[in-house]
Amino acid sequence: MSPAPSTPSPQSQAQAAGAKAQSSSSCCACQSGCVGNAPPSGASNDASSSAGRESDAQPALQDHANGQSWHYLRIPDMDCPSEEAQIRQALAGISGIAQLQFRFGERLLGLAAPAAQLPAALAAIRAAGFKVEHLSAASSAIPNARSRLWAGSGRLLLALGLAIAAELLFFTHHAPGSALTQGSMWLGMALAALAIALAGSATYRKGLTALRQGRLNINALMTVAVTGAFLIGQWPEAAMVMSLYALAEALEARAVDRTRQAIQGLLALAPQQAEVQQADGQWLLQPVADIGPGALLRVRPGERIALDGQVERGHSTVDQSPITGESLPLDKGPGDAVYAGTINQASELQVRASAPATDSTLARIILAVEQAQATRAPTQQLVDRLAAIYTPAVFAIALAVLLLLPLLGQASWLQALYQALVLLVIACPCALVISTPVTVISGLTAAARRGVLIKGGAYLEGARRIRAVALDKTGTITTGKPQLLLAQCLDDAADHAATHRLARSLAQRSDHPISQAIAQGLAQATQDADWPVEDFQAVAGRGVQGRIGAQPYVLANARWLDERGQYPAELAALVQAQTQQGHSVTLLADGQRALALYAVADAIKPSSAQAIAALKAQGVHTVMLSGDHLAAARHIATQAGIDAVHGELLPEDKLQAIAALQQRLGPTAMAGDGINDAPALAQADIGFAMGGMGTHVAMEAADVVVMNDDLRRLPETIALSRRTHALLWQNIALALGIKLLFLLLAMTGQASMWMAVFADMGASLLVLANGLRLLRPARAWADDDRPIQ
C-alpha cells in the first residue's frame, strides 16, 4: 500500500519558508518596499461610489496585522517611477509604515500603517511637493488616464497653440524685411510665458520643491532648463519644449495605464447585484456586498455569477474563461463549484454562496495581481541604481561644458550655457527608469489573462532560469480522481451484466473513492437499478460485504480474498499484471470463488504529456515526486514522458529531493496541488500551485498559481519569462542608446533643446510601446522551445 498522506510538520514548513524568504530577500529588503496583504480593489462596498475626500483623521479602511490599517491616498501628480522614489524617500523616516502600494494608473498610494502615523505621512508627502488627498476607499471611480488626458487636453492644446504662435512671431520678427515692431517681440514673449504657465505649472511646482531639497529629478532639470532658455532669449523654444513635454507626459500616463487595465477588467467581471431568496421564498435583488455565505442565489442564463458557491439546483454550462483562461464551457450540476465572475450560459442555476464578495476567488486574483504589480523586479532594482548614477553624472558633464568651453575658447558663455541646458534635459533618466516596470507589469497582466497568477516580477524574471521541474503526481499530472479502467468477468459463461450489477450495488453503498469510481464506471455500462443490499458492512483495509438476495458477496482487495482462500495463482497473476501498471485492483466474490476483477487508477490529464514535451524542448529536466507506489508512479511517468521518478515519498522527502535537484542542476521549480506539497513548494526556487480555484492554501504557499489546473501553463510561463527578459534588455539598450547618442550630439553642439526633449520623451514613449507588446497574447505566449543556455 502507498504511504498514508502526511501533513507537513510546522518545523519543516518553517524551515522551507525561511529558506525561501532568505533567497528572495532582494525583493523585500526595505521596510516599505513591498506590498503585503493589501485588500483587493473594489473589496469595499463603497469602492465604486464613495471615493470622496475625507479628513486626515478619518478611520482606517481595513484592519491590518499588528494594529496597522490600509489607507489610500490620491496623489494627482504621481505618474512616474521617479516620483515613487521621491515619495519613498519622504516616508523613509516615519516609523510604523510597514508597506506601500503604488498604483500610477489611478494616482493612488496604498499605505499600511497605524492610524496615528497617517498625519505625519501626509505632511511628509506634501513637504516633498505633492498634493495629496485621503480617500475613503481604493476606488475604481478615480478618473483613469484617458479621462484625465481628455480633461486636460484643452489646456495642453492651448499651451501648444500659444507656443507655436510665439515661435511664429519670433521667426517672423527676425526674418529679412520684417515689418513687425518690438512690441510683437514682447507679445511673443508673453505668449511663451503663458504657454509655459499652462503646460508647466505642475512641473515647476515639483521642480522647485526638488531644488529646495537638493534633489535632481526630471522636474528640477526641466525647471532649470526651460527657465534658463527663457532668460537667455530662447523663449519660443522654452515654450515649445515645455508644451511638448507636458503633452508627452500625458500620453505616457495613458500608456502606463494600459498596463493596469487588467485590474479594472477583473473588477468589472463580478456583478454588483444578485437575486437572493428571502425567508418567505421570494426573490429579491440585493447588493453583492450585503450577501453573506449561505445565501441562495438565482442566476439566469447569460448572467454572471455574483459569488463563489455550489450549485444547489439546475444543470447548465458555465464559461470560466474570464477566471481560468479555459476556452470551453464546463457542465455544472448540483454539488459542483462555481465562481464569481463566470458566465452561466444554458439554463437557470440556483447557487448556495460559500464566501462573501471580499473573499471570492476573483477578489483573491485581484489582490494577487495588485501585489505582484507593486513589487520591484531584480532588473528594475538594477536600473534604479544605474539611474541614480546617470543623472548626477550628466549634470556634472553639463556643468563642465558650461565652465570649460568658454575658458578653452571653444564657445561663448551664452552658447555654453545653452549647450549645458540641453544636457540638463538629456540628463533626465525617465525613459531608463520606466523601461522596466512597464514591461514587468505587462508580463504579469498577460499571465493573469491566461489564468496564471505570478506573485511579482522576481518570479516572472526568474522562470527563464529554471533548469528542472519537479512535479507531484496526483492532481498535477493526473486528474486526481480515480477512474474505472477495466471491468473483467472471470467466468466467461457467467452473465456479465448481472455480475457487474452485483458489484455496482455493493460499491454504491460505500463512500471509499475506489468504490465510488467502480460504481460510477459501471453505471455508464448499464442503466439497470441497483439490487438492494442487506447486512452491508465496510471492513477496514479489506473492502465491503453484504447480502444480495440470499447470497453473501464481498467487494474486496487481494489480501482479503487471500485470507478467504479465494486467491488462486492464476488470479494472482492477473492482479499482478494490473498492479504493475499502477492500477488498484478490487475483486468481486461470492461464498465460493472470485467472480470479477476491477482495475481503478488515476488517469493522466490529456494536457500533461504535451506540457512535459514542451518543457523538454525548452531544455528543462522533469522529475516526478510522488507519495504513491513506485510502480504506479513509474507507469504515469512513462505515459507523460517524464525523465526521472521517485515514489513513496513523505513531504519531508520531497523537500530533500528539491534541495538535491537544486544542488545538482540549478534553479528548480516545483508544481503541486496539495498541502502536503507546501514544504517542497517553499523550498523550490519557484513554486507552482496547480488548481488555485478556491484553494487558499495553494495561493498562499506558491509563487505562481495556475488557476485552471493545466500543466501546459508551466512551459508557457517560462516562454513568457524569456520574452519579458528580452524586452527588458531591449528597453534598457534603447533608452541608454538614445540618451548616449544625444549626449554626444549635445557635447559637440549639434543638438538643440527641441532635439533633447524629443530624445527624452521619445525614448520614454518608445520603451513604453515596446513593453506593451507583451499585452498581445500572440507575442507574449508564443511558443519558445529554445533550450536554456
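## Aromatic contacts

In this predicted model, the count of aromatic pairs comes to 0.

An aromatic ring does take part in a contact with a charged residue. Arg564 is placed over the face of Trp560, at 6.0 Å from the ring centre.

## Salt bridges

The structure contains 13 salt bridges. Side chains of opposite charge can pair when their charged atoms come close. Three of these pairs are described below, with the elements they link and the accessibility of each partner.

## Glu275 and Arg298

Glu275 and Arg298 are joined through their side chains in a salt bridge, with an N to O distance of 2.8 Å. The two residues belong to distant parts of the chain: Glu275 is in strand S7 (residues 273-277), Arg298 is in strand S9 (residues 296-299), and 23 residues separate them.

Glu275 counts as buried because its relative accessibility is 14%, under the 20% limit. Arg298 has a relative accessible area of 17% and is likewise buried.

## Asp530 and Arg504

A salt bridge connects Asp530 with Arg504, and their closest N and O atoms are 2.6 Å apart. Asp530 is found in the loop between helix H17 (513-523) and strand S19 (534-539), whereas Arg504 is part of helix H16 (residues 496-508); the pair therefore ties together parts that are 26 residues apart in sequence.

The accessibility of each partner is as follows. Arg504 is buried, at a relative accessible area of 4%. Asp530, with 33% relative accessibility, counts as partly exposed.

## Asp643 and Lys616

Asp643 and Lys616 form a further salt bridge between their side chains, at 3.3 Å from N to O. Asp643 occupies the loop between helix H21 (630-640) and strand S25 (644-646), and Lys616 lies in helix H20 (residues 608-617), so this pair ties together parts that are 27 residues apart in sequence.

Asp643 is partly exposed, with a relative accessibility of 39%. Lys616 is also partly exposed, at 38%.

How values were computed: Residues numbered from 1 in each chain as written. Predicted model: local features only at pLDDT ≥ 70, side-chain atom pairs only at ≥ 80, totals over all residues. Heavy atoms only, no water. Phe/Tyr/Trp six-rings, centres within 6.5 Å; stacked < 30°, edge-to-face > 60°. Lys NZ or Arg CZ within 6 Å of the ring centre and 35° of its normal. Salt bridge = Lys/Arg side-chain N within 4 Å of Asp/Glu carboxyl O. Helix = DSSP H or I, 4+ residues; strand = E, 2+ residues; numbered from the N terminus. Buried < 20%, exposed > 50% of the residue type's maximum accessible area, 1.4 Å probe, protein only.
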